[in-house]
Amino acid sequence: MADPASSCVLLTGASSGVGFEAAKVLSAQGHQLLLLCRSQATADQTLSQLSGTARALICDLADLAAVAEVCSQLLDSGTVLDALVLNAGLQYAGASAAQFSAQGIELTFAVNQLAHQLMASLLLPQLLKSARPRLVITASEVHNPVSGAGKVGKPADLGDLAGLRAGAGFAMVNGSDRFDGNKAYKDSKLCNVLMARELDRQLAAAMPVIAWSPGLVITRNNGGFFRYNKRSNPLGMGAFAFVARDLLRITESPANAGRLLAQLVTDPQIPPGFSYYTNKVVSFGGHRLESTDTSAEGADLTKAEELWRLSEQLIASSTCR
Ligand SMILES: NC(=O)c1ccc[n+]([C@@H]2O[C@H](COP(=O)([O-])OP(=O)(O)OC[C@H]3O[C@@H](n4cnc5c(N)ncnc54)[C@H](OP(=O)(O)O)[C@@H]3O)[C@@H](O)[C@H]2O)c1
(Lines give C-alpha, C1' and ligand atoms only; values in the text may rest on other atoms or scores of the structure.)
Protein backbone atom coordinates (compact mmCIF):
# COMPACT_ATOMS: atom_id res chain seq x y z
CA MET A 1 0.00 0.00 0.00
CA ALA A 2 2.30 2.72 -1.28
CA ASP A 3 -0.05 5.66 -0.95
CA PRO A 4 -1.68 5.36 2.48
CA ALA A 5 -3.98 8.32 1.93
CA SER A 6 -5.71 6.63 -0.97
CA SER A 7 -6.01 3.16 0.55
CA CYS A 8 -9.47 1.76 1.11
CA VAL A 9 -9.60 -0.69 4.01
CA LEU A 10 -12.62 -2.83 4.87
CA LEU A 11 -12.44 -3.99 8.48
CA THR A 12 -14.79 -6.31 10.37
CA GLY A 13 -15.03 -6.16 14.16
CA ALA A 14 -14.21 -2.44 14.24
CA SER A 15 -16.62 -1.51 17.04
CA SER A 16 -14.56 -2.94 19.88
CA GLY A 17 -11.15 -4.10 21.09
CA VAL A 18 -8.38 -4.79 18.58
CA GLY A 19 -10.39 -3.76 15.52
CA PHE A 20 -11.51 -0.47 17.06
CA GLU A 21 -7.96 0.43 18.07
CA ALA A 22 -6.72 -0.46 14.58
CA ALA A 23 -9.46 1.69 13.04
CA LYS A 24 -8.32 4.65 15.15
CA VAL A 25 -4.74 4.28 13.89
CA LEU A 26 -5.70 3.69 10.26
CA SER A 27 -8.15 6.57 10.20
CA ALA A 28 -5.59 8.93 11.76
CA GLN A 29 -3.14 7.83 9.03
CA GLY A 30 -5.62 8.96 6.40
CA HIS A 31 -6.95 5.65 5.10
CA GLN A 32 -10.51 5.46 3.89
CA LEU A 33 -12.26 2.98 6.15
CA LEU A 34 -15.27 0.80 5.55
CA LEU A 35 -16.22 -0.53 8.95
CA LEU A 36 -18.53 -3.49 9.12
CA CYS A 37 -20.60 -3.08 12.30
CA ARG A 38 -23.35 -5.27 13.68
CA SER A 39 -25.84 -2.45 14.30
CA GLN A 40 -26.43 1.23 13.55
CA ALA A 41 -25.93 2.01 17.24
CA THR A 42 -22.42 0.46 17.39
CA ALA A 43 -21.61 2.02 14.02
CA ASP A 44 -22.59 5.52 15.23
CA GLN A 45 -20.62 5.10 18.43
CA THR A 46 -17.55 3.86 16.53
CA LEU A 47 -17.63 6.54 13.83
CA SER A 48 -18.04 9.30 16.41
CA GLN A 49 -14.65 8.37 17.90
CA LEU A 50 -12.66 8.34 14.66
CA SER A 51 -10.84 11.32 13.24
CA GLY A 52 -10.67 10.49 9.51
CA THR A 53 -12.81 9.27 6.63
CA ALA A 54 -14.86 6.26 7.62
CA ARG A 55 -18.17 4.79 6.59
CA ALA A 56 -20.10 2.02 8.30
CA LEU A 57 -21.62 -1.04 6.68
CA ILE A 58 -24.32 -2.51 8.89
CA CYS A 59 -24.25 -6.28 8.92
CA ASP A 60 -24.76 -9.06 11.43
CA LEU A 61 -22.13 -11.67 10.59
CA ALA A 62 -24.40 -14.30 12.12
CA ASP A 63 -26.63 -13.99 9.05
CA LEU A 64 -25.15 -15.13 5.74
CA ALA A 65 -27.93 -13.38 3.82
CA ALA A 66 -26.93 -10.06 5.41
CA VAL A 67 -23.28 -10.71 4.54
CA ALA A 68 -24.18 -11.47 0.92
CA GLU A 69 -26.33 -8.32 0.78
CA VAL A 70 -23.64 -5.98 2.09
CA CYS A 71 -21.06 -7.49 -0.30
CA SER A 72 -23.45 -7.12 -3.21
CA GLN A 73 -23.88 -3.40 -2.37
CA LEU A 74 -20.09 -3.00 -2.46
CA LEU A 75 -19.82 -4.86 -5.76
CA ASP A 76 -22.59 -2.70 -7.25
CA SER A 77 -20.85 0.49 -6.13
CA GLY A 78 -17.60 -0.69 -7.76
CA THR A 79 -15.63 0.06 -4.57
CA VAL A 80 -12.01 -1.01 -4.99
CA LEU A 81 -10.58 -2.48 -1.81
CA ASP A 82 -6.89 -2.21 -1.00
CA ALA A 83 -7.18 -4.29 2.15
CA LEU A 84 -9.77 -6.71 3.44
CA VAL A 85 -9.34 -7.22 7.17
CA LEU A 86 -11.34 -10.12 8.60
CA ASN A 87 -11.05 -9.44 12.31
CA ALA A 88 -14.46 -9.84 13.98
CA GLY A 89 -14.76 -12.76 16.34
CA LEU A 90 -16.46 -14.11 19.40
CA GLN A 91 -16.02 -16.87 21.92
CA TYR A 92 -18.55 -18.51 24.21
CA ALA A 93 -16.01 -19.62 26.80
CA GLY A 94 -17.35 -22.23 29.20
CA ALA A 95 -20.55 -22.82 27.22
CA SER A 96 -21.72 -26.41 26.89
CA ALA A 97 -24.76 -25.69 24.73
CA ALA A 98 -24.35 -24.53 21.17
CA GLN A 99 -26.12 -21.44 19.83
CA PHE A 100 -27.03 -21.15 16.19
CA SER A 101 -26.95 -18.48 13.50
CA ALA A 102 -29.84 -17.31 11.31
CA GLN A 103 -29.06 -20.23 9.00
CA GLY A 104 -28.84 -22.79 11.84
CA ILE A 105 -25.04 -22.95 11.93
CA GLU A 106 -23.13 -23.10 15.20
CA LEU A 107 -22.46 -19.45 16.05
CA THR A 108 -18.71 -19.50 16.71
CA PHE A 109 -18.01 -21.14 13.36
CA ALA A 110 -20.69 -19.09 11.58
CA VAL A 111 -19.35 -15.68 12.70
CA ASN A 112 -15.60 -16.29 13.02
CA GLN A 113 -15.20 -18.36 9.88
CA LEU A 114 -18.12 -18.88 7.53
CA ALA A 115 -19.24 -15.24 7.24
CA HIS A 116 -15.63 -14.26 6.59
CA GLN A 117 -15.19 -16.94 3.91
CA LEU A 118 -18.31 -15.64 2.18
CA MET A 119 -17.03 -12.06 2.37
CA ALA A 120 -13.61 -13.02 1.04
CA SER A 121 -15.01 -15.04 -1.85
CA LEU A 122 -17.47 -12.30 -2.88
CA LEU A 123 -15.06 -9.39 -2.47
CA LEU A 124 -11.91 -10.87 -4.02
CA PRO A 125 -12.69 -9.28 -7.40
CA GLN A 126 -12.73 -5.84 -5.73
CA LEU A 127 -9.39 -6.56 -4.03
CA LEU A 128 -7.82 -7.76 -7.25
CA LYS A 129 -8.61 -4.38 -8.84
CA SER A 130 -6.25 -2.70 -6.35
CA ALA A 131 -2.62 -2.04 -7.30
CA ARG A 132 -1.47 -3.31 -3.89
CA PRO A 133 -4.09 -5.56 -2.36
CA ARG A 134 -3.81 -7.57 0.82
CA LEU A 135 -5.86 -9.78 3.09
CA VAL A 136 -5.43 -9.84 6.85
CA ILE A 137 -7.17 -12.40 9.06
CA THR A 138 -7.15 -12.22 12.85
CA ALA A 139 -6.66 -15.80 14.01
CA SER A 140 -5.18 -16.81 17.35
CA GLU A 141 -2.29 -18.80 18.75
CA VAL A 142 -4.91 -21.01 20.47
CA HIS A 143 -5.31 -22.71 17.07
CA ASN A 144 -2.01 -24.44 17.87
CA PRO A 145 -2.25 -27.32 20.41
CA VAL A 146 1.44 -27.01 21.29
CA SER A 147 1.24 -23.30 22.15
CA GLY A 148 0.77 -22.20 25.78
CA ALA A 149 -2.84 -21.07 25.32
CA GLY A 150 -3.62 -23.87 22.87
CA LYS A 151 -2.79 -26.48 25.53
CA VAL A 152 -5.40 -25.27 28.02
CA GLY A 153 -8.52 -27.45 27.75
CA LYS A 154 -9.35 -29.49 24.69
CA PRO A 155 -7.05 -28.70 21.78
CA ALA A 156 -8.16 -27.48 18.37
CA ASP A 157 -8.70 -30.28 15.90
CA LEU A 158 -11.08 -30.50 12.99
CA GLY A 159 -10.87 -34.28 12.52
CA ASP A 160 -12.13 -35.21 9.08
CA LEU A 161 -14.61 -32.28 9.09
CA ALA A 162 -17.48 -34.72 9.73
CA GLY A 163 -19.71 -32.02 11.28
CA LEU A 164 -19.32 -29.79 8.27
CA ARG A 165 -19.95 -32.71 5.93
CA ALA A 166 -23.25 -33.38 7.71
CA GLY A 167 -24.47 -29.82 7.00
CA ALA A 168 -26.08 -27.12 9.17
CA GLY A 169 -26.96 -28.10 12.72
CA PHE A 170 -23.61 -29.61 13.73
CA ALA A 171 -22.28 -28.80 17.20
CA MET A 172 -18.58 -29.24 16.47
CA VAL A 173 -16.74 -29.18 13.14
CA ASN A 174 -15.17 -32.59 13.82
CA GLY A 175 -18.63 -34.16 14.11
CA SER A 176 -18.77 -34.48 17.90
CA ASP A 177 -22.26 -33.72 19.17
CA ARG A 178 -20.94 -32.56 22.55
CA PHE A 179 -20.52 -28.79 22.33
CA ASP A 180 -17.50 -27.23 24.02
CA GLY A 181 -17.40 -23.43 23.66
CA ASN A 182 -13.66 -23.17 24.26
CA LYS A 183 -12.81 -25.85 21.71
CA ALA A 184 -15.28 -24.42 19.19
CA TYR A 185 -13.40 -21.11 19.44
CA LYS A 186 -9.99 -22.79 19.00
CA ASP A 187 -11.38 -24.76 16.05
CA SER A 188 -12.70 -21.55 14.46
CA LYS A 189 -9.27 -19.93 14.76
CA LEU A 190 -7.69 -23.02 13.18
CA CYS A 191 -10.25 -22.60 10.39
CA ASN A 192 -9.10 -18.96 10.04
CA VAL A 193 -5.50 -20.11 9.52
CA LEU A 194 -6.62 -22.74 6.99
CA MET A 195 -8.79 -20.14 5.21
CA ALA A 196 -5.72 -17.91 4.82
CA ARG A 197 -3.75 -20.87 3.42
CA GLU A 198 -6.49 -21.72 0.94
CA LEU A 199 -7.00 -18.12 -0.17
CA ASP A 200 -3.28 -17.86 -0.81
CA ARG A 201 -3.41 -21.06 -2.88
CA GLN A 202 -6.34 -19.70 -4.92
CA LEU A 203 -4.61 -16.36 -5.40
CA ALA A 204 -1.29 -18.00 -6.35
CA ALA A 205 0.64 -15.56 -4.14
CA ALA A 206 -0.89 -12.53 -5.93
CA MET A 207 -0.97 -10.58 -2.66
CA PRO A 208 0.05 -10.85 1.00
CA VAL A 209 -2.39 -13.10 2.87
CA ILE A 210 -1.60 -12.54 6.51
CA ALA A 211 -2.98 -14.52 9.43
CA TRP A 212 -1.97 -13.31 12.87
CA SER A 213 -2.48 -13.70 16.60
CA PRO A 214 -2.75 -10.56 18.77
CA GLY A 215 -1.92 -12.32 22.06
CA LEU A 216 -4.13 -12.27 25.14
CA VAL A 217 -5.94 -8.91 24.93
CA ILE A 218 -8.01 -7.85 27.93
CA THR A 219 -9.88 -4.57 28.19
CA ARG A 220 -9.97 -2.59 31.43
CA ASN A 221 -13.74 -2.74 31.78
CA ASN A 222 -14.12 -6.56 31.55
CA GLY A 223 -15.99 -6.03 28.29
CA GLY A 224 -14.47 -6.79 24.91
CA PHE A 225 -13.64 -10.28 23.97
CA PHE A 226 -14.49 -11.96 27.28
CA ARG A 227 -17.98 -10.50 27.54
CA TYR A 228 -19.68 -13.81 26.60
CA ASN A 229 -17.72 -15.88 29.11
CA LYS A 230 -20.38 -18.16 30.63
CA ARG A 231 -18.34 -19.44 33.54
CA SER A 232 -17.05 -16.39 35.25
CA ASN A 233 -19.01 -13.69 36.99
CA PRO A 234 -17.62 -10.13 36.74
CA LEU A 235 -15.61 -10.72 39.92
CA GLY A 236 -14.04 -13.94 38.54
CA MET A 237 -13.26 -12.20 35.29
CA GLY A 238 -11.78 -9.25 37.17
CA ALA A 239 -9.56 -11.63 39.17
CA PHE A 240 -8.43 -13.39 35.98
CA ALA A 241 -7.65 -10.04 34.35
CA PHE A 242 -5.78 -8.83 37.43
CA VAL A 243 -3.59 -11.94 37.59
CA ALA A 244 -2.91 -12.15 33.83
CA ARG A 245 -2.48 -8.42 33.24
CA ASP A 246 -1.13 -6.96 36.46
CA LEU A 247 0.73 -9.85 38.14
CA LEU A 248 1.95 -12.15 35.37
CA ARG A 249 1.95 -9.32 32.79
CA ILE A 250 1.25 -11.72 29.93
CA THR A 251 -1.56 -9.65 28.39
CA GLU A 252 -1.37 -7.20 25.51
CA SER A 253 -3.23 -3.90 25.60
CA PRO A 254 -6.02 -3.34 23.05
CA ALA A 255 -4.16 -0.19 21.89
CA ASN A 256 -0.92 -2.08 21.15
CA ALA A 257 -2.76 -4.97 19.51
CA GLY A 258 -4.64 -2.45 17.35
CA ARG A 259 -1.38 -0.79 16.35
CA LEU A 260 -0.01 -4.17 15.30
CA LEU A 261 -3.10 -4.89 13.22
CA ALA A 262 -2.76 -1.48 11.54
CA GLN A 263 0.90 -2.27 10.86
CA LEU A 264 0.01 -5.59 9.23
CA VAL A 265 -2.52 -3.75 7.05
CA THR A 266 -0.02 -1.16 5.85
CA ASP A 267 3.55 -2.51 6.11
CA PRO A 268 4.92 -2.52 2.54
CA GLN A 269 7.70 -4.95 3.57
CA ILE A 270 5.33 -7.89 3.97
CA PRO A 271 5.78 -10.02 0.86
CA PRO A 272 3.03 -11.60 -1.25
CA GLY A 273 1.98 -15.08 -0.17
CA PHE A 274 0.87 -16.61 3.11
CA SER A 275 2.39 -15.51 6.38
CA TYR A 276 1.51 -16.04 10.01
CA TYR A 277 2.57 -13.68 12.78
CA THR A 278 2.25 -14.11 16.53
CA ASN A 279 2.45 -11.37 19.12
CA LYS A 280 4.65 -13.33 21.52
CA VAL A 281 5.36 -12.61 25.18
CA VAL A 282 9.15 -12.18 25.20
CA SER A 283 9.79 -10.71 28.65
CA PHE A 284 7.92 -9.60 31.77
CA GLY A 285 5.33 -7.27 30.28
CA GLY A 286 6.95 -7.28 26.82
CA HIS A 287 5.66 -8.58 23.49
CA ARG A 288 7.15 -8.93 20.01
CA LEU A 289 5.36 -9.61 16.74
CA GLU A 290 7.15 -12.52 15.05
CA SER A 291 6.70 -14.51 11.90
CA THR A 292 5.89 -17.99 13.24
CA ASP A 293 4.98 -21.49 12.09
CA THR A 294 1.34 -22.46 12.34
CA SER A 295 0.30 -25.76 13.89
CA ALA A 296 0.79 -28.87 11.77
CA GLU A 297 -2.97 -29.04 11.14
CA GLY A 298 -2.93 -25.35 10.22
CA ALA A 299 -0.37 -26.18 7.51
CA ASP A 300 -2.43 -29.00 5.97
CA LEU A 301 -3.20 -27.66 2.49
CA THR A 302 -5.47 -30.59 1.62
CA LYS A 303 -7.58 -29.91 4.69
CA ALA A 304 -7.58 -26.19 3.87
CA GLU A 305 -9.01 -26.91 0.43
CA GLU A 306 -11.57 -29.36 1.79
CA LEU A 307 -12.66 -26.92 4.51
CA TRP A 308 -13.17 -24.22 1.88
CA ARG A 309 -15.13 -26.57 -0.42
CA LEU A 310 -17.41 -27.92 2.31
CA SER A 311 -17.96 -24.40 3.67
CA GLU A 312 -18.88 -23.22 0.19
CA GLN A 313 -21.45 -26.04 -0.01
CA LEU A 314 -22.81 -25.12 3.42
CA ILE A 315 -23.13 -21.47 2.41
CA ALA A 316 -24.89 -22.44 -0.83
CA SER A 317 -27.33 -24.82 0.85
CA SER A 318 -28.01 -22.39 3.71
CA THR A 319 -28.66 -19.34 1.56
CA CYS A 320 -30.80 -21.10 -1.07
CA ARG A 321 -33.53 -22.12 1.36
N1 LIG B 1 -8.94 -10.71 22.94
C2 LIG B 1 -8.06 -11.71 22.84
O3 LIG B 1 -7.43 -12.13 23.83
C4 LIG B 1 -7.83 -12.36 21.50
C5 LIG B 1 -6.79 -13.29 21.40
C6 LIG B 1 -6.56 -13.89 20.16
C7 LIG B 1 -7.34 -13.57 19.08
N8 LIG B 1 -8.34 -12.67 19.21
C9 LIG B 1 -9.16 -12.36 18.04
O10 LIG B 1 -9.12 -10.97 17.81
C11 LIG B 1 -10.29 -10.56 17.11
C12 LIG B 1 -10.87 -9.33 17.75
O13 LIG B 1 -11.21 -9.67 19.09
P14 LIG B 1 -11.26 -8.56 20.24
O15 LIG B 1 -10.38 -9.00 21.33
O16 LIG B 1 -11.09 -7.21 19.67
O17 LIG B 1 -12.78 -8.79 20.73
P18 LIG B 1 -13.99 -7.77 20.91
O19 LIG B 1 -13.53 -6.56 21.63
O20 LIG B 1 -15.08 -8.60 21.49
O21 LIG B 1 -14.37 -7.36 19.41
C22 LIG B 1 -15.00 -8.28 18.57
C23 LIG B 1 -15.59 -7.55 17.40
O24 LIG B 1 -16.29 -8.52 16.57
C25 LIG B 1 -17.60 -8.02 16.35
N26 LIG B 1 -18.60 -9.06 16.16
C27 LIG B 1 -18.82 -10.15 16.94
N28 LIG B 1 -19.91 -10.81 16.50
C29 LIG B 1 -20.38 -10.13 15.43
C30 LIG B 1 -21.49 -10.29 14.57
N31 LIG B 1 -22.36 -11.30 14.71
N32 LIG B 1 -21.68 -9.41 13.56
C33 LIG B 1 -20.84 -8.36 13.40
N34 LIG B 1 -19.76 -8.13 14.20
C35 LIG B 1 -19.55 -9.01 15.21
C36 LIG B 1 -17.94 -7.22 17.59
O37 LIG B 1 -19.04 -6.39 17.33
P38 LIG B 1 -20.01 -5.93 18.56
O39 LIG B 1 -19.31 -4.77 19.17
O40 LIG B 1 -21.30 -5.57 17.89
O41 LIG B 1 -20.15 -7.11 19.47
C42 LIG B 1 -16.62 -6.50 17.81
O43 LIG B 1 -16.50 -5.38 16.97
C44 LIG B 1 -11.23 -11.78 17.12
O45 LIG B 1 -11.17 -12.43 15.87
C46 LIG B 1 -10.63 -12.68 18.18
O47 LIG B 1 -10.88 -14.04 17.92
C48 LIG B 1 -8.61 -12.04 20.41
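User: Helices (H or I, at least four residues) and strands (E, at least two) are DSSP runs, numbered from the N terminus. With that settled, where does A205 lie?

Analyst: A205 lies in the loop between α6 and β6 (208-213). Before going on, note that this is a predicted model: local features need pLDDT of at least 70, side-chain atom pairs count only at pLDDT 80 or more, and totals for chains, interfaces and linings use all residues. Residues are numbered from 1 along each chain as its sequence is written, and side-chain values use heavy atoms, with hydrogens and water left out.

User: OK. What about the phi of A205?

Analyst: Positive, about 55°, although A205 is not a glycine. A204, which follows α6, also has a positive phi, near 50°.

User: How accessible is A205?

Analyst: A205 is partly exposed, with a relative accessible area of 38%. The cut-offs: buried is under 20% relative accessible area, exposed is over 50%, and partly exposed is in between (1.4 Å probe, protein chains only).

User: Back up to α6. How many of its residues are buried?

Analyst: 20 of its 23, so α6 is mostly covered.

User: And how far does α6 reach from its first C-alpha to its last?

Analyst: α6 reaches 33 Å, close to the 33 Å expected at 1.5 Å a residue. The expected span is 1.5 Å times one less than the number of residues in the helix.

User: What caps the N-terminal end of α6?

Analyst: D180 does. A side-chain oxygen of D180 lies 3.0 Å from the backbone nitrogen of N182. That falls under the polar contact rule: a pair of N or O atoms within 3.5 Å; within protein, one must be able to donate a hydrogen and the other to accept it, and residues adjacent in sequence count only if both atoms are side-chain atoms.

User: Switching to the ligand. Which residues come nearest?

Analyst: S15, S16, Y185, V217 and R227, out of 28 residues around the ligand. A residue is near a molecule or strand if one of its heavy atoms lies within 4 Å of it.

User: Which elements each supply at least two residues of that shell?

Analyst: α1 (17-28), α6 (181-203) and β7 (216-217).

User: How do the shell residues divide?

Analyst: Into 14 nonpolar, ten polar and four charged. Here Ala, Val, Leu, Ile, Met, Phe, Trp, Tyr, Cys and Pro count as nonpolar, Asp, Glu, Lys and Arg as charged, and the others, Gly among them, as polar.

User: How far is a polar side-chain atom of S16 from an oxygen atom of the ligand?

Analyst: 2.5 Å. R38 also places a polar side-chain atom by a ligand oxygen, at 2.9 Å. For D60, a polar side-chain atom is 2.9 Å from a ligand nitrogen.

User: How much of the ligand does the protein bury?

Analyst: 95% of the 890 Å² that the ligand exposes when taken alone. Accessible areas come from the Shrake-Rupley method with a 1.4 Å probe; for residues, only the protein chains shown count as cover.

User: New topic, T108. Buried or exposed?

Analyst: Buried, at a relative accessible area of 0%. T108 sits in helix α4 (residues 107-128).

User: What is T108 in contact with, leaving aside neighbours within four places in sequence?

Analyst: L90, Y92, Q113, F179, A184, Y185 and S188. Contact means heavy atoms within 4.5 Å. There is also a polar contact of 2.7 Å between the side chains of T108 and E106.

User: And S101, where is that found?

Analyst: In the loop between β4 (83-86) and α4. S101 is buried, at 10% relative accessible area. Not counting residues up to four places away in sequence, S101 touches A62, L107 and A110.

User: Now the loop between β5 and α5. Is G153 there buried or exposed?

Analyst: Exposed, at 56% relative accessibility. L161 is in the loop between β5 (134-138) and α5 (162-166) too, but L161 counts as buried at 2%. L161 has a phi near 65°, a positive value in a residue other than glycine.

User: What span should α8 have?

Analyst: 18 Å, because α8 (residues 254-266) has 13 residues at 1.5 Å each; its end C-alpha atoms are 18 Å apart, which agrees.
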